[in-house]
Amino acid sequence: SALAAGKNPESSLAYVQAVLLGTAGLLPSQKGAAPHYWAPSEKAWCEYGVSRGVTTPWQAFRVRPENAPVRRVMAAGHLAARYAHQGLLANLQDTATGEPAWIPGRIVQALLVQDANGRALLGQTRALEAVVNVVLPLLHARASERGDVFFASRILDAYRACPPLADNHITQDMKRMLLPGGHAKLPASALCQQGLTHLYQKRCVGLHCQGCALGDD
């Protein structure tokens, strides 16, 4: 946010993204490629005065294009520039108002990022994952630290109201184990998915079946 202060929105975004990409070692010149249309970012990175000797070990093998490091860093730049005045966390806290059931959707909207061509850099699916796994836990922790019982309770209710995330191999395996017939259904919520993941990590990974309530049947 400090990097974007005092600049117009367009130059602020370009400058913040250049600094983030340069710090991450993701500019073309740092990877031995010609800058081409990245020239403005290369220029901004040079003006920032940071050494080019960045050796961040990014893992890009078998990474989906929408999860590519450059896309994620550019999305972070958009958010930093967008909320430069007040700061991202303060804005997200201000967004967490109204009925708890509305809060997850409001925060998701605040996190959505598109590039100049309208393509999603941070879309609905990833934004919701960030809300469930990062934003709401952080807001709850800060409210608890301040002793703001009312806001902490509101955030907890918002967390309970979060819709389910996309299934992964853990939640799929747990559903197959808990519902072998496939007739019953678990609650469709992110809270249920977090519970399944917790059980998997605490019990199933280490094969701690003895004493587990799920194995008493």
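This is a predicted model: local features need pLDDT of at least 70, side-chain atom pairs count only at pLDDT 80 or more; totals for chains, interfaces and linings use all residues.
**Exercise 1. Length of helix 9**

Solution. Residues are numbered from 1 along each chain as its sequence is written, and side-chain values use heavy atoms, with hydrogens and water left out.

- Step 1. Helices (H or I, at least four residues) and strands (E, at least two) are DSSP runs, numbered from the N terminus.

**Exercise 2. The buried side of helix 9**

Find which residues of helix 9 are buried, and state how they are arranged around the axis.

Solution. 

- Step 1. Buried means under 20% relative accessible area, exposed means over 50%, and partly exposed lies in between (1.4 Å probe, protein chains only).
- Step 2. Ala190, Cys192, Gln193 and Leu196 are the buried residues of helix 9.
- Step 3. They cover an arc of only 160 degrees around the axis, so they sit on the same side of helix 9. The arc is that of the directions from the helix axis to the C-beta atoms.
- Step 4. An α-helix has 3.6 residues a turn, so residues three or four places apart point the same way.
- Step 5. The cover over the buried residues of helix 9 includes helix 6 and helix 8 (169-178). Contact here means heavy atoms within 4.5 Å.

**Exercise 3. The whole chain**

Describe the order of secondary structure in the protein and the share of its residues that is buried.

Solution. 

- Step 1. The protein has nine helices and two strands, in the order α-α-α-α-α-β-β-α-α-α-α.
- Step 2. Of its 217 residues, 32% are buried.
- Step 3. Among contacts between residues at least 6 apart in sequence, 58% join residues at least 24 apart.
- Step 4. The accessible surface is about 13,200 Å², and 57% of this belongs to carbon and sulfur atoms. Such areas come from the Shrake-Rupley method with a 1.4 Å probe; for residues, only the protein chains shown count as cover.

**Exercise 4. The largest nonpolar core**

Identify the residues that touch the most other members of the largest nonpolar core, and the element that gives the most to this core.

Solution. 

- Step 1. A nonpolar core is a set of buried Ala, Val, Leu, Ile, Met, Phe, Trp, Tyr and Cys residues joined through side-chain atoms within 4.5 Å.
- Step 2. The largest core has 40 residues, and Ala96, Ile107, Leu111, Val132, Leu136 and Leu139 touch the most other members.
- Step 3. The elements that each supply at least two residues of this core include helix 1 (9-24), helix 5 (103-111) and helix 6 (124-146). Helix 6 gives the most, with eight residues.
- Step 4. Not counting residues up to four places away in sequence, Ile107 touches Leu92, Thr95, Ala96, Val131, Val135, Leu136 and Leu139.

**Exercise 5. Helix 4 and helix 5**

Work out which residues of helix 4 (residues 88-95) and of helix 5 are buried, and what they pack against.

Solution. 

- Step 1. In helix 4 the buried residues are Asn91, Leu92 and Thr95. They fall within an arc of 100 degrees seen down the axis of helix 4, so they line one face of the helix.
- Step 2. The buried residues of helix 4 pack against helix 5 and helix 6.
- Step 3. Thr95 counts as buried because its relative accessibility is 17%. Apart from neighbours within four places in sequence, Thr95 contacts Arg106, Ile107 and Ala110.
- Step 4. In helix 5 the buried residues are Ile103, Pro104, Ile107, Val108, Ala110 and Leu111. They cover an arc of only 160 degrees around the axis, which puts them on the same side of helix 5.
- Step 5. Among the elements that cover the buried residues of helix 5 are helix 3, helix 4 and helix 7.

**Exercise 6. Leu89**

Decide whether Leu89 is buried, partly exposed or exposed, and list its contacts.

Solution. 

- Step 1. Leu89 is in helix 4, and with a relative accessible area of 29% Leu89 is partly exposed.
- Step 2. Leaving aside neighbours within four places in sequence, Leu89 is in contact with Leu138, Leu139 and Arg142.
- Step 3. Leu89 and Val135 are 46 residues apart along the chain, and their C-alpha atoms are separated by 8.4 Å.
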